[in-house]
Amino acid sequence: MYLARLEASGFRSLRETRIDLRPEVTILVGENNGGKTNVIDAVQLLVDPLEEGRARRWWTRDDVADGCSGPVTLTGVYRELSPAESGTHLHALAPDPDWGVKRCAVYGVSYTPPPSNRRSGDRGRSAGGREGDPEPAARRMIRQVYLPPLRDAQQELSSGAGQSLKLILSSVLGDEKKIEEFEESYAKAIQAFEQEPPVTVAVDRINAPLGSLTEGARAQAMSLRFAEPKIEAIARALRARLNDEGIEAQDITRSGLGYANLLYIATVLTELEAAQEADLTVLLVEEPEAHLHPQLQSLLLKLLYDRAAKQPSGPGADPGRPSGRIQVLITTHSPVLAAAAPVADLVVLHARDEPSPAQQVDDGVQRSEDDDQDVPVQAAPRAYRTTAVIPVAALNLSAQEKAKLSRYLDVTKSAMLFGPRVILVEGTAETLLLPPFAEIAVREWRPAGDKRHVARLRGAARSTFRGTPIVSVDGVDFKPFLKILLSGHGGERIAEKVLVITDRDPKRRDGDGTATRGGYNRKDSLTAYLRDDVEAPDGSYLIVEGDPTLEPQLVHSENLALLEKVFAELRPGSAHRWEKVAQADADLQPLVFGELFGPYAEGSNGVDLPKGEYAYRLSALLADPAQNFVVPPYLAEGLRWIMAIGGSHGV
Amino acid sequence: MAYDGHEADGMGMQPTGEQQTAIAAPSPLYLEACPGAGKTFILVERHLATPIGKQRQGRALISFTNRAADEIRHRCHRPELLEFPHFTGTLDTFLWHFLVRPFLPDTAPPWQRIMSWADIGSSDAYKVFGRLPLASFGFGYDLRRGEVVVTLPDATAKLTNATRTEAEFLSGAKALRNSLWQQHHYFTSLELRVMALENATDPHVRTILRSRFSEIVVDEAQDCTELDIAILGKLHEGGVPLVVVADPNQAIYEYQGATPAVMGTLTSKIGQHRRLTGNHRCSQRICDLAATMRSTKSAIADRATGQWSTDQSPVLLVPFDTNDTNSRKTRIRSKDEAAGAFARRAASMEPACADVLCLAWAHAAVPHLDQTRRSKAPADGTAWMLAWASAVHRNPGADHQDLVDGVRIAQTILVRFWYPNDQGHPERILTAHGVDAITARRYAFSLLASLPDVDARPAGDWIRDARKRIIDHPAPSDAAPAPARNFRLGTGSRDFDRGETIAVAAGLGAGQQQPCGEFEDISVTSTTIHKAKGGEADAVLIAFATPKALRQFLAAWRDDSTTETSETLRVYYVAVTRGRRLIGFTYPYSCHGEMVKHLESLNVEFTVAPECEPVEQGRRQRARREPAGMEAIPGLG
């Protein structure tokens with residue numbers, strides 16, 4: 001069995017939220033404040049911790065979402081129960097909400113906050129959708145272990161390791177008899193030490209004054225013994241030490257935080273394996289990237305995947321024993337982890353502000369977009385922070401698309417999963433030139449208002465651009481990216497705005513090299529794809545197209561001097577080639593300039609000018625705010641749209 | 001079927017004058033409520049009037065069924081009112097928690113609640129003189145003599161060739177039961193009540209109850225047995241404030257000793273009476289029809305005050321004729337087809353009915369539209385019980401209680417196989433071997449999953465395979481089964497042909513038919529009248545499978561002077577008052593004339609379903625060509 005779905009109602013930012021989880025590993029990715037921790041908290045409240053003494057989440061008044069009066073309810077739907085598990089969770093069985101042909105187990109908890117004159121709220125439980133819990137012991141066959149972020153692994157390992165080590169040692173030893181034998185042999189070994197002279201001499205020295213102090217009353221004497229040879233004490237006495245290969249092992253307290261953390265997670269995993277007491281243990285790992293460098297993050301993820309895939313019980317297993325499955329739930333804002341996992345295991349969470357119902361009533365009609373911006377802004381409408389959930393597995397990606405995206409989404413590209421806006425470009429040149437172009441677009445924007453107001457608006461536009469990842473798809477395969485970003489799940493999308501910057505494909509030549517066919521119109525093709533296949537809403541995307549590519553579009557009478565300067569730096573010996581550009585008719589100039597990037601060839605103006613290098617040098621020069629440059633209109637249009645800066649200015 | 005649906009809709013519904021009086025009336029109180037009076041609404045409103053904040057004293061809301069208790073919980077929108085110190089639940093649970101359990105001596109073995117004496121098995125130790133299992137005796141309680149009464153139904157047959165007399169057997173049964181109760185601490189609901197009655201007379205216990213509960217509300221009190229009423233009477237005498245809610249016209253458990261007269265012994269002692277006569281559910285026509293069925297004929301009809309009060313739909317008669325000859329009188333050939341015709345009429349009304357209830361007194365007589373019917377677990381024969389359990393387990397839409405029962409059946413069979421020498425209740429045996437209830441269910445459920453499908457394979461084959469699976473099933477380490485050759489799955493008293501399919505033998509019907517899509521917009525529920533209690537629907541069809549059943553009903557309707565006929569009439573009174581707009585009757589065509597005559601004598605307006613008009617010659621021939629399989633869907637055993 002596994003926790004297949006978490007439903008929350010009125011819980012913090014999870015106001016009416018349903019999250020589908022994966023059988024083995026689910027990775028919750030998303031921006032800060034997106035609601036990741038709330039999901040982890042919900043599971044902690046829904047599922048009992050593995051053992052007493054572990055830090056435990058309790059309900060608080062703050063758990064009630066703003067504007068809700070309660071009760072808060074959290075429901076877990078568990079699927080794929082084995083027959084034996086169905087027996088244990090008999091009272092929680094219910095027809096599956098999605099597939100009536102199957103049964104699932106449903107457990108819920110609820111919390112009603114106390115009225116102002118009382119101090120404690122009311123907690124309730126339900127099983128199988130029926131109120132009350134006839135058998136709490138069955139519910140405890142599902143457990144959770146929570147690994148908090150930035151934990152002090154050194155502290156936990158040196159103080160709390162006794163308990164974990166005891167479990168691991170006991171499981172290695174096997175039964176009670178073996179444990180007794182082990183304790184006996186330990187006792188024998190240390191008894192010898194108790195007879196060593198330093199110990200006996202110390203005893204005599206202490207006993208001398210003790211004897212003279214107590215002989216007048218009831219005479220007392222002392223002896224020295226090592227701790228009771230019980231397995232708990234042995235485990236406590238053992239010290240975890242970490243060693244780098246070839247270097248002397250050192251005490252855990254002197255080892256780096258990152259490695260201490262890995263050791264801690266390894267201990268927890270071993271402990272889970274050793275103590276197979278539950279049908280399902282949900283391992284909640286919050287932000288494992290803390291303290292770990294990228295390679296270690298990927299390795300940790302692999303370890304968690306391996307452990308979750310290793311499901312013990314097969315068909316021949318004893319139905320009387322718990323199944324001991326492990327399911328892992330990770331939250332992260334590390335693109336490293338997002339990139340390392342299969343894309344279908346990602347669940348993207350992002351924050352959304354929802355106007356409060358009361359506010360909607362107050363406001364009455366919606367204001368039209370054309371309203372003059374100078375009208376004094378009313379007090380900002382009170383909004384509720386809610387969490388939108390987009391499980392990638394629910395986006396109807398084909399197997400091929402999933403495979404492609406798992407390969408495409410490297411560390412840089414995974415950044416697109418974290419924010420509401422994304423710019424997709426074909427290659428490096430756009431990636432390099434967009435930041436200075438955006439700066440120019442902002443500078444040339446002339447919003448109404450006094451100087452300070454304008455400065456503030458421009459600052460906001462710059463932040464908007466900086467918070468928008470530019471993702472180079474390294475080619476023209478935009479479709480899988482658009483699908484994951486814009487296809488919806490329950491009305492929610494990973495991205496709110498996607499800007500696609502592409503080129504009209506150069507005209508293709510037929511076999512004999514003479515006849516040409518009309519260029520393939522990528523913009524139309526992508527627009528049709530977004531509208532018909534992805535069903536992305538209008539306004540969520542904009543596709544702009546360089547005709548035929550970026551470089552010719554840079555040509556403008558005001559830009560020529562700068563373009564020549566960069567050319568001269570790269571091809572100092574080819575001034576005659578630039579002459580051809582300079583002499584060309586204005587309408588042919590872009591084409592001739594574009595040819596410079598072509599290969600050296602007979603009858604062509606190509607000098608194999610490197611696009612990336614050219615763009616890099618151009619962007620470096622544009623860093624000077626005094627430098628004037630006319631941004632190609634299609635890029636200016638796209639940039640203004642993504643930054644939401646209106647108004648027109650001469651381009 | 002909705003549960004008092006209209007009220008559920010109206011969370012913010014305003015109580016009427018009489019309802020307001022009932023909500024505010026202080027206890028002790030006797031509240032006589034007509035059908036559709038908004039009883040649950042009043043009880044919940046009364047409870048919601050509890051002041052905000054922690055209370056030391058609570059209110060107990062006692063219902064007759066778990067379902068009615070759930071309905072109260074569902075409607076009560078202040079969750080703290082459903083928790084300590086308040087109580088909502090059935091009378092059995094209340095008695096156990098507040099009148100019995102706290103006062104039990106703390107001695108081993110722990111007290112074990114059982115449904116019937118059959119639960120503890122039938123090994124020789126639990127037989128009277130090694131011959132008759134305790135479950136073959138009937139036990140009751142004589143209030144006047146204050147002692148348990150034993151009977152032996154069908155005594156002559158059971159005691160053929162016995163060396164002892166019936167009287168000896170009866171006293172033997174009494175002694176055995178006493179020892180199981182007093183020494184082994186098993187108890188059924190009868191022992192529970194006897195203990196509760198004794199404690200209810202104890203001033204100390206009464207003081208505790210008065211302190212704990214500000215009010216004890218008993219709903220559907222007309223269904224309380226004499227013993228229940230006696231317990232409540234003792235509580236009332238002891239000053240525990242009671243609110244007794246009842247409708248004497250709806251008393252349908254007379255065969256268990258629940259009569260309006262018995263209830264009267266309690267309510268006559270309660271000073272304050274309130275009567276609710278506004279019916280928010282039924283149309284005035286249905287109220288008028290119901291009034292002709294009251295035991296006190298002089299009583300005037302209830303006032304229809306609800307949404308459908310002015311609905312003018314007349315009673316619909318849908319007689320059926322099972323005859324498949326040229327002489328067949330109607331095109332409706334079975335009660336199930338009648339249900340279809342009735343549902344079609346309900347769906348074509350303006351506005352269309354949202355739900356239909358198909359009711360009958362006996363389980364077997366209930367008409368069904370499709371195969372969604374519930375089957376009952378076979379009463380004997382471990383093989384049939386196991387097959388039933390296995391089929392229930394394979395049906396994800398199965399009733400949850402059926403599933404629980406099915407797992408218990410599998411568990412019992414495993415326990416008897418694993419520990420053949422242990423005696424007593426299966427759960428107690430498992431506990432003695434260190435197997436907790438949760439682990440025991442793991443074994444039971446995985447056994448059900450491993451059994452062959454309950455389908456058209458011959459019953460003999462299925463039993464052979466199932467037996468092998470039980471023998472091979474993983475067992476706890478200390479299980480000590482007897483040699484496998486000694487283990488068999490019983491087939492009970494049923495004669496069966498080894499070639500008969502397991503599905504039929506286990507009482508699951510011949511095969512599964514898909515429900516047709518015709519009635520997608522209308523919810524059709526089929527159940528017995530006793531189970532429909534408290535429910536309601538826009539249209540209600542009442543079925544009589546045999547001429548005898550209808551004639552008994554008509555006889556009772558004409559004259560309800562004897563105990564038997566008055567109970568019959570009350571049962572159908574309950575059925576009729578479930579309906580909001582349309583009432584229908586279906587019965588064998590041979591009694592059509594009598595039915596029509598009776599309704600005419602009462603001036604009740606009715607129509608006959610168009611499908612039941614006499615069949616023309618041509619039509620009859622066409623009808624005959626229909627496949628024979630359509631004839632009748634076999635009833636469930």
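A residue counts as buried when its relative accessible area is under 20%, as exposed when that area is over 50%, and as partly exposed in between. Keep that in mind for Asn396(A), which at 66% relative accessibility is exposed. One caution before going on: this is a predicted model.

**The two chains**

Let's start with the overall make-up. Chain A has 22 helices and 20 strands, while chain B has 24 helices and 21 strands. In chain A, buried residues account for 47% of the 651 residues. For chain B, the buried part is 53% of 637 residues. Take the contacts in chain A with a separation of 6 or more: 74% of them link residues 24 or more positions apart. Chain B, with contacts between residues at least 6 apart, has 78% joining residues at least 24 apart.

**Nonpolar cores**

The largest nonpolar core holds 84 residues, and those touching the most other members are Phe11(A), Leu74(A), Tyr78(A), Leu386(B), Trp462(B), Ile470(B) and Leu489(B). Helix H15 of chain B (residues 400-418) gives the largest share of this core, ten residues. Another core, of 60 residues, lies apart from it, and includes Ile27(A), Ile265(A), Val471(A) and Phe481(A).

Which residues does Trp462(B) contact, leaving aside its neighbours within four places in sequence? The list runs to Ala383(B), Leu386(B), Ala387(B), Ser390(B), Leu451(B), Pro452(B), Asp453(B), Val454(B), Arg457(B) and Ile502(B).

**A buried arginine**

Now for Arg442(B), which sits in helix H17 of chain B (residues 437-450). Is Arg442(B) buried or exposed? Its relative accessibility is 1%, so Arg442(B) counts as buried. Once neighbours within four places in sequence are set aside, the contacts of Arg442(B) are Ala84(A), Glu85(A), Gly87(A), Thr88(A), Met141(A), Asp279(A), Pro319(A), Gly320(A), Arg321(A), Pro322(A) and Ser323(A).

**Helix H21 of chain B**

Helix H21 of chain B covers residues 547-558, and these twelve residues should span 16 Å at 1.5 Å a residue; the end C-alpha atoms are 16 Å apart, which agrees. Its buried residues are Leu550(B), Phe553(B), Leu554(B), Ala556(B) and Trp557(B). Looking down the axis of H21(B), you find these buried residues within an arc of 160°, so they line one face of the helix. An α-helix has 3.6 residues a turn, so residues three or four places apart point the same way. The cover over the buried residues of H21(B) includes, from chain B, helix H12 (284-291), helix H22 (563-576), strand S20 (579-586) and helix H23 (592-601).

**The annotated binding site**

An unreviewed UniProt entry puts the feature "binding site" at Ala33(B), Cys34(B), Pro35(B), Gly36(B), Ala37(B), Gly38(B), Lys39(B) and Thr40(B). From this set, Ala33(B), Cys34(B) and Pro35(B) are part of the lining of the second largest cavity. Ala37(B) belongs to the loop between strand S2 (29-33) and helix H3 (39-48) of chain B, and Gly38(B) is found in the loop between S2 and H3 too. Ala37(B) has 2% relative accessibility and therefore counts as buried; Gly38(B), at 2%, is also buried. Beyond four places in sequence, Ala37(B) is in contact with Gln19(B), Ile42(B), Leu276(B), Gly278(B) and His280(B).

| Site | Feature | Angle |
|---|---|---|
| Asp547(A) to Pro548(A) | cis peptide bond | omega near -5° |
| Ser27(B) to Pro28(B) | cis peptide bond | omega about 0° |
| Asn396(A) | positive phi, not a glycine | phi about 60° |
| Phe129(B) | positive phi, not a glycine | phi about 50° |

Where do these residues sit? Pro548(A) is in the loop between strand S20 (541-546) and helix H17 (550-553) of chain A. Pro28(B) lies in the loop between helix H2 (17-24) and S2 of chain B. Phe129(B) occupies the loop between strand S6 (127-128) and strand S7 (132-133) of chain B. With a relative accessible area of 39%, Phe129(B) is partly exposed.

Technical notes. Residues numbered from 1 in each chain as written. Chains lettered and ligands numbered in written order. Predicted model: local features only at pLDDT ≥ 70, side-chain atom pairs only at ≥ 80, totals over all residues. Heavy atoms only, no water. Core = buried A, V, L, I, M, F, W, Y, C linked by side-chain atoms within 4.5 Å. Buried < 20%, exposed > 50% of the residue type's maximum accessible area, 1.4 Å probe, protein only. Helix = DSSP H or I, 4+ residues; strand = E, 2+ residues; numbered from the N terminus. Contact = heavy atoms within 4.5 Å. Expected span 1.5 Å × (residues − 1). Arc of directions from axis to C-beta. UniProt positions renumbered as here; feature names shortened; annotations may be inferred. 1 Å grid on protein atoms, 1.4 Å probe; cavity = no way out; pocket = protein on both sides within 12 Å on 5 of 7 lines; lining within 4 Å.
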